[in-house]
Amino acid sequence: MIDLMDVHAGYGRIEVLRGVTLNVPRGTVTALLGPNGAGKSTLVKVLSGQLRSSSGHVHLGGVHVNDAAPDELARAGLCTIPEGRAIFPNLTVAENLRLMRGDPAVVYERFPKLKARQKQLAGSMSGGEQQMLAFSRALITDPAVLVIDELSMGLAPVIVAELYEVVKELASSGVTMLIVEQFAETASAVADQVVVMAHGEISADSDLATVYFGGTS
Amino acid sequence: MSRLRVEGVTVRFGEVTAVDDVTLSADPGVTGLIGPNGAGKTTLFDVISGLRKPSSGRVLLDDADITSKGPHQRSRLGVARTFQRLEVFGSLTVRENVVVALESRRRPAKLAAELLARVGIAEFADAQADTVPTGAARLLELARALATDPHLLLLDEPSSGLDRAETDAFGELLRQLSAEGRAVVLVEHDMDLVMGYCDHVHVLNLGQLLTSGTPSEIRSHEGVREAYLG
Amino acid sequence: MTALLAYTVFGLVTGGAYAVVAGGLVLTYSTSKVFNVGHGAIGMVMAFLYWELAENRGLPQWLALLIVVGGCAPLFGLVIERFVMRRLAGAPVGITLVAGVGVLVGLIGAAQVIWPPQARPVRPFLDQYGIHIGQSFVSGHDLVTLACAVLVAGGLYLLLNRTRTGLAMRACVDAPELAALYGTRPHRLSALSWAIGSALAALGGILLTPVVQLDYVTMTLLVITAYTAALVGRLRSLPWTFVGALGLGLVQSYAVAYLPSSPFWIAFRAAIPALLLFVVLLAMPQSPLRIGGVRGSRGVAVPGGLATGVGMALFMGVVVALALLVDGVVAGQLALGLVFGIVLLSMVLLTGYGGVVSLGQFTFVGVGAVTVARLESSSPLALVAGAVVAAAIGALIALTALRVSGLYLALATLGFAQLMDKLVLQSPIAFGVRGSLQVPRLFESATAQLLLAAGVFALVGAGVLAVRRGRLGRRMIAVKDSSAACATLGVNVRWIRVWVFSLSAAIAGLAGGLFAQLRETVAASDFQLFNNLPLLLFAVIAGVTSVSGAALGGMLLMLLPVLQSGFPAFAGVAVVLLGVAAAGLSRDPNGLVSWFFRAWSWRRA
């Protein structure tokens, strides 16, 4: 479903992705792990159309999408949840959900906290609630492909667990997913395939403890 | 007395607490500051270097309260830093980048060549700074910070973009800086570097100080592994 | 008491018209992130078009209004968005501003060609109706204006809060990239915001015509008033913008009612929007230093000390040869071109190196000229005095605007220029009651004047290059690329700003003194506010990063009026071309001269 072939990309003269080849089969979940600066977020930007690759091929569902704009991809069924709090802080919770095109009832049922806060400005909620709201887009828009960048960043374990419950449900309902994470074990538990990235390339070494804590551990 | 002491620093962005009542200190030598993404490390650097005002808490340098001082005043007191997202002066040459820093401390401009050689990027001296590779730009930020002759040096992910040989050379440089009596605080994801060169390590998670200790204590700490591996 | 009530109503009426204009400005800016300096100019052209249809062609007023506000204006907004602004998406503030100034100047040129200067009365709406409040009469047009303001406020509220499109527009304010990931079409939203923005500029302009008269420049500069109101809402909040606009209207109305009517106070009233602009600026919170990302720009090569010396000697040689060849009239013209070149050198320092876009640089030229004229001395020291006074005023504006940067700072310079224009340059304080002053010349012959101008140009040019090579120049560029890094290296970013502003103002003031003694007579009309805008355009077109660009720009500036007097119809066309060229060239701050350099090095290669 997601096919990257020898993708190079970067900012200006600085190359971040140095030939990434990655395949996520339809209906499966791939966890992409790796240390900071490995190029994970750059990869997400290339997939979502925010950054044009300098060479290589990007296919989504068999369609060549190297030159597609982010909004075109989004309307075609790709749901990208970028890292950080991917919400509009100056809109209310209900307004954020209206922008996502879909029935908010699904979200309110899954995250009752958001229902209680629907009239509140999204930016005035806690980090965990903001991430729930951002993640709601994966629930409400019924995407064909879901790409999530650092869902657990800066969140307490309880909330991470709650969000990953939903990830599991979506996975079992057959959504193709690429989960980019630092929290290795949580993500690996859901994944059909675990891929480790380092220095802008897919690393052959898939033992995470080695990647994080060095060979001496 | 500690070179740097951060006391009860809290930083809030709206309802989100990025740094939550953190108290820690750093002495001459190399202090590691590690933690998963979003733990608040860079925000804490912004507070120490004066680019961001904390919501509460104090920053002390050699026991003097510098919380209300601006970034350029702190620089004059001996604080210098590098940036995780590079902040080199792109329109100037690599040498001129260092000269700007030297001049701000009224040090002779001819020291630039020496500093560039010291961090290992002498070959790029005349290149415009926005054209050099990431690794060289990181080392340029280090040279520029060193040009102010700091007592307290804050390095934000200095090794990302460096290859193995460059990383080893950088480690050696860390040892020298430590021997010169400077306090270096290192935010770093390369654990070999942290474990190999730090005298002391602080671990941040979710904005709070998770634990502090020697590298071997940190390595065997269960909570740290959990914070990273989830 | 009824008088107070009446003035309140009048204030609300004017404020309502301002609100319509400012609302359009905020909508466009917040959705497309491009500040439309030409907003007032669009309103001006559309008001002329309305006059054409309703008065000249005799269409019913409502039909003309509908055609202009509902058809021509939005269409025009779409065209500008599609062909100028969309190409500039994500460009630095300086570039979008210059493109906007290009559009503005182009529109003024077009208006002058299509509707040559003459009196153009416009009938107010519903002029047979009205109500009395005590002794005062509130006309039907006033009531229409109020009604329009209420309708616009209500309409914008519904659009932004009740429709998906409006919701998407608000989302774009905070995070346009994220909005794209949500599937909203950024280009379509931006186009819509330009269409609505232009329509509101047109409506506001037409409503204001009975008050401000149909005039190319006055209505164009309405953008400053709208900007002041918009600044109350930090350029994002429409409700606060409306509050700001109504407040401005009220203050102006009360000023008319209760301030004395001596010449100074009349000038003061006109300066109220600019004054309030500074009050709002002073109350702005300190903008945080931007962190993250390498910024840099490629300048043209900076010659070393020796090369500069040789270059300037060659330049002087050419000028001496020319001085021997040409007659007095041409020598005088060339001298004028070089004086303009010195003004542009001040912009090389400020804009080219310092990265600060100034929309008020010509004001310092005026300050220098007035100082020299008032001293009535033919000593070179008078020129120095002009530079010193200009530098002091430059430092003052830098200190006032310390808290702001980028777009806010550029617009502050325009506000400052308006303030100086109303309070000083166009008032008797500067040029006396007759509006002009005699200035003794340093040298009588035109040839000597040419050599003087060339000598000063060469010295200042060499000085600017020396600054660029030296400590201050490095710091200026460092501050431009990363203020945050500068601050952590111990550089006091604010003082650098003050230095750059004063030094640049000093050079402009020096040029002003030279200008005054060259002309022998200087008048208020030489220093009108509008002159600032072509100055910026010429600087950018010719090349704002090099001394040779300044020389070329100065010569072009000198040639423009020469061409205008030779071919009057050409004047407007030239201004249009100028606007188009600037909008097109603004991507490359090194300008035309760098093309010559490149062509040269290509030939040599």
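**Exercise 1.** Is B:Asp149 buried, partly exposed or exposed?

*Solution.* Start with the setting. This is a predicted model, where local features need pLDDT of at least 70, side-chain atom pairs count only at pLDDT 80 or more, and totals for chains, interfaces and linings use all residues. Residues are numbered from 1 along each chain as its sequence is written, chains are lettered from A and ligands numbered from 1 in the order in which they are written, and side-chain values use heavy atoms, with hydrogens and water left out.

Step 1: take the cut-offs. Buried is under 20% relative accessible area, exposed is over 50%, and partly exposed is in between (1.4 Å probe, protein chains only).
Step 2: apply them. B:Asp149 has a relative accessible area of 39%, so B:Asp149 is partly exposed.
Step 3: B:Asp149 sits in the loop between helix H5 (134-146) and strand E7 (152-156) of chain B. Helices (H or I, at least four residues) and strands (E, at least two) are DSSP runs, numbered from the N terminus.

**Exercise 2.** What is the phi of B:Asp149, and what is that of C:Glu376?

*Solution.* Step 1: recall the background. Most residues other than glycine have a negative phi.
Step 1: read the values. Phi is near 55 degrees in B:Asp149, a positive value in a residue other than glycine. C:Glu376 is not a glycine, yet has a positive phi of about 50 degrees.
Step 2: locate C:Glu376. The loop between H16 and helix H17 (380-400) of chain C holds C:Glu376. With a relative accessible area of 62%, C:Glu376 is exposed.

**Exercise 3.** Which backbone atoms does the side chain of A:Asn66 reach?

*Solution.* The loop between strand E5 (63-64) and helix H2 (70-75) of chain A contains A:Asn66. Its relative accessibility is 15%, so A:Asn66 counts as buried.
Step 1: list the partners. The side chain lies 2.8 Å from the backbone oxygen of A:Gly56. A polar atom of the A:Asn66 side chain is 2.7 Å from the backbone nitrogen of A:Val58.
Step 2: Not counting residues up to four places away in sequence, A:Asn66 touches A:Arg52, A:Ser53, A:Gly56, A:His57 and A:Val58. Contact means heavy atoms within 4.5 Å.

**Exercise 4.** How do H16(C) and H18(C) run relative to each other, parallel or antiparallel? Treat H20(C) and H23(C) likewise.

*Solution.* Axes are lines fitted to C-alpha atoms, for helices over the stretch in contact, and angles run from 0 to 180 degrees between N-to-C directions. Angles under 35 degrees count as roughly parallel, over 145 as roughly antiparallel, 65 to 115 as roughly perpendicular and the rest as oblique.
Step 1: take the first pair. Helix H16 (residues 361-375) and helix H18 (residues 406-425) of chain C pack at about 30 degrees, axes 10 Å apart. H16(C) and H18(C) are therefore roughly parallel. Residues in this contact include C:Phe364 of H16(C) and C:Phe416 of H18(C). The contact has 7 nonpolar, 2 polar and no charged residues.
Step 2: take the second pair. Helix H20 (residues 446-469) and helix H23 (residues 493-519) of chain C cross at roughly 175 degrees, and their axes come within 11 Å. H20(C) and H23(C) are therefore roughly antiparallel. Among the residues that meet are C:Leu452 in H20(C) and C:Leu510 in H23(C). This contact divides into 10 nonpolar, 2 polar and no charged residues. Ala, Val, Leu, Ile, Met, Phe, Trp, Tyr, Cys and Pro count as nonpolar, Asp, Glu, Lys and Arg as charged, and the others, Gly among them, as polar.

Note on methods:
Polar contact = N/O pair within 3.5 Å; in protein donor to acceptor, adjacent residues only side chain to side chain.
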